[in-house]
Amino acid sequence: LGVDAGNSVLRAAERLRPPGRGAALRLTKMLPVAAGLGGGSADAAAALRLLARVWGLPPPSPEETLGLGADVPVCLAGRPARMRGIGEVLDPVVLPPFWLVLANPGVPVSTPAVFAALTARENPGLPPIPALGDAAELCAWLGETRNDLETPARALAPEVEATLEALA
């Protein structure tokens, strides 16, 4: 394994790799890079699951994946969860079945740049997720919450603003 500092799969594999062990990995990206969809984190989590199995190791804990990406622990868990801390505290949630459409404005927006552009970092946590009977209740609850990263993403990429306005 050779480590490319920008490749989350290789960084994850290197972190898990026992001394003297190696692996050949091939990654085919299906999500746009820097789209804010957790694709790199999902790839890293998949590599960790695969390599743990191949190398006969237990899967890493959420704390052991810190530094690979805030979404890696939830992707490694593979179930809906509310994330707290810097992504390592996972509270499982039950969600109703629903369909989802993702809109991508076609421009990469760096996650570190979005976090760097946050003006308020001490916002209170979101309220607990209530019991949700169906997709309409989920949408209503989400409509009442906030997304602290939306404002900096809009500021960094006018295309995000235009896409959200078109959807509205």
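This is a predicted model: local features need pLDDT of at least 70, side-chain atom pairs count only at pLDDT 80 or more; totals for chains, interfaces and linings use all residues.
Visitor: Where does Asn 104 lie, and what is Asn 104 in contact with, leaving aside its neighbours within four places in sequence?
Guide: Asn 104 belongs to the loop between β2 (89–92) and α4 (111–116), where helices (H or I, at least four residues) and strands (E, at least two) are DSSP runs numbered from the N terminus. With those neighbours left aside, Asn 104 is in contact (heavy atoms within 4.5 Å) with Pro 32 and Ala 35. A polar atom of the Asn 104 side chain also lies 2.6 Å from the backbone nitrogen of Gly 106.

Visitor: How do you know that Pro 152 is buried?
Guide: The relative accessible area of Pro 152 is 5%, and therefore Pro 152 falls below the limit already given and counts as buried. Pro 152 lies in helix α6 (residues 150–156) and, apart from neighbours within four places in sequence, is in contact with Val 114, Ala 117 and Leu 118.

Visitor: What makes up the largest nonpolar core?
Guide: The term covers buried Ala, Val, Leu, Ile, Met, Phe, Trp, Tyr and Cys residues joined through side-chain atoms within 4.5 Å, and here the largest such set has 12 residues in all, among them Ala 12, Leu 16, Leu 48, Trp 55 and Val 72. The elements giving two or more residues to this core are α1, α2 and α3 (72–77), and the largest share, 6 residues, comes from α2. Apart from this core lies another, of 5 residues, including Val 109, Val 114, Ala 153 and Ala 157.

Visitor: How do the axes of helix α1 and helix α2 cross?
Guide: The axes, which are lines fitted to C-alpha atoms over the stretch in contact, with angles between N-to-C directions running from 0 to 180 degrees, come within 8 Å for α1 (residues 8–16) and α2 (residues 39–55) and cross at roughly 35°. Ser 8 and Val 9 are among the α1 residues that take part, and Gly 40 and Asp 43 are among those of α2.

Note on methods. Residues are numbered from 1 along each chain as its sequence is written. Side-chain values use heavy atoms; hydrogens and water are left out. Buried means under 20% relative accessible area, exposed over 50%, partly exposed in between (1.4 Å probe, protein chains only). A polar contact is a pair of N or O atoms within 3.5 Å; within protein, one must be able to donate a hydrogen and the other to accept it, and residues adjacent in sequence count only if both atoms are side-chain atoms.
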